[in-house]
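Dear colleague,

My notes on it follow directly after.

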Amino acid sequence: MRLDKFLSEMGIGTRSEVKKLLKSKKVTVNGETITKPETKIDTDKDIVCYNNKQLVYEKYEYYMFHKPAGCVSATEDNIHKTVMDYITDTVHDDLFPVGRLDIDTEGLLLITNDGALAHNLLSPAKHVAKTYYAKIDGMVTDEDVNLFEKGVDIGEEKLTKPAKLTILKSKPISEIELTITEGKFHQVKRMFEAVGKRVTYLKRISMGPLVLSDDLKAGEYRKLTIEEINLLINN
């Protein structure tokens with residue numbers, strides 16, 4: 001990789017800014033001061049330092065984001081704030097949200113630039129489980145639990161795949177957790193509409209082995225731990 005590209009991807013500056021920094025002799029490769037932006041480096045072997053601080057290259061970045069209501073799961077949008085507007089101090093500029101949550105839905109989103117991992121998590125063939133917490137306008141019953149386990153008709157060619165519905169509170173405004181292995185458009189809302197009830201609040205709390213941290217407030221994000229990354233990759 002070219003040295004100027006490496007420095008730019010590490011967040012040191014734009015390509016033009018990096019060229020000026022190189023002229024100031026603040027960058028070393030394996031202890032040698034380098035001023036030429038076209039210098040080729042091996043990101044796995046060479047030791048690059050800026051202002052005497054080593055820069056460790058990471059090809060991929062992984063972030064857990066607690067999506068708030070009111071923003072869209074996209075990299076850009078002309079009308080609404082996007083989830084990427086909240087992610088401000090990343091190294092790479094090619095990050096994206098893995099999958100989508102409705103604009104009024106809160107909860108767990110994975111933000112990364114690892115396309116292969118995103119494909120695996122979203123592939124229908126993988127049946128990656130996603131769990132949601134929801135408030136429901138209507139009394140959720142054991143009959144609903146049984147129906148969801150068999151699959152419900154949401155107006156498509158086939159019934160939904162078996163889903164696990166757990167009742168936390170069965171009242172006029174019920175509270176539930178629901179685990180599904182599909183990602184159909186507005187699926188959770190449509191499933192409850194199919195049994196005559198309405199979702200009034202929806203929050204995704206897990207995706208595959210990744211669980212939303214309790215201490216991560218809406219609008220906040222953090223890097224995934226090595227253990228979390230390995231769980232996702234090996235899932």
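Leaving aside its neighbours within four places in sequence, which residues is I87 in contact with? The model is a predicted one, and in it I87 is in contact with F65, I111 and Y221. I87 itself is found in the loop between β5 (62-67) and β6 (96-97). Because its relative accessibility is 9%, where buried means under 20%, I87 counts as buried. In sequence, I87 and Y63 are 24 residues apart, while their C-alpha atoms are 8.9 Å apart in space.

Helix α3 (residues 115-122) may be taken next. The buried residues of α3 are L117, A118 and L121. They cover an arc of only 100° around the axis and therefore lie on the same side of α3. A116 and H119, on the other side of the helix, are exposed. The elements against which the buried residues of α3 pack are β5, β6, β7 (106-112), β11 (198-207) and α6 (226-233).

Four strands form an open sheet in the order β2-β1-β3-β4, and their pairing is antiparallel. Its edge strands, each pairing on one side only, are β2 (32-33) and β4 (53-55). Strand β3 (residues 48-50) runs antiparallel to β4 and is joined to β4 by 3 bridges. Y50 has K53 in β4 as its bridge partner.

With kind regards

Definitions and conventions. Residues are numbered from 1 along each chain as its sequence is written. This is a predicted model: local features need pLDDT of at least 70, side-chain atom pairs count only at pLDDT 80 or more; totals for chains, interfaces and linings use all residues. Side-chain values use heavy atoms; hydrogens and water are left out. Two strands pair if DSSP finds at least two bridges between them. Helices (H or I, at least four residues) and strands (E, at least two) are DSSP runs, numbered from the N terminus. Buried means under 20% relative accessible area, exposed over 50%, partly exposed in between (1.4 Å probe, protein chains only). Contact means heavy atoms within 4.5 Å. The arc is that of the directions from the helix axis to the C-beta atoms.
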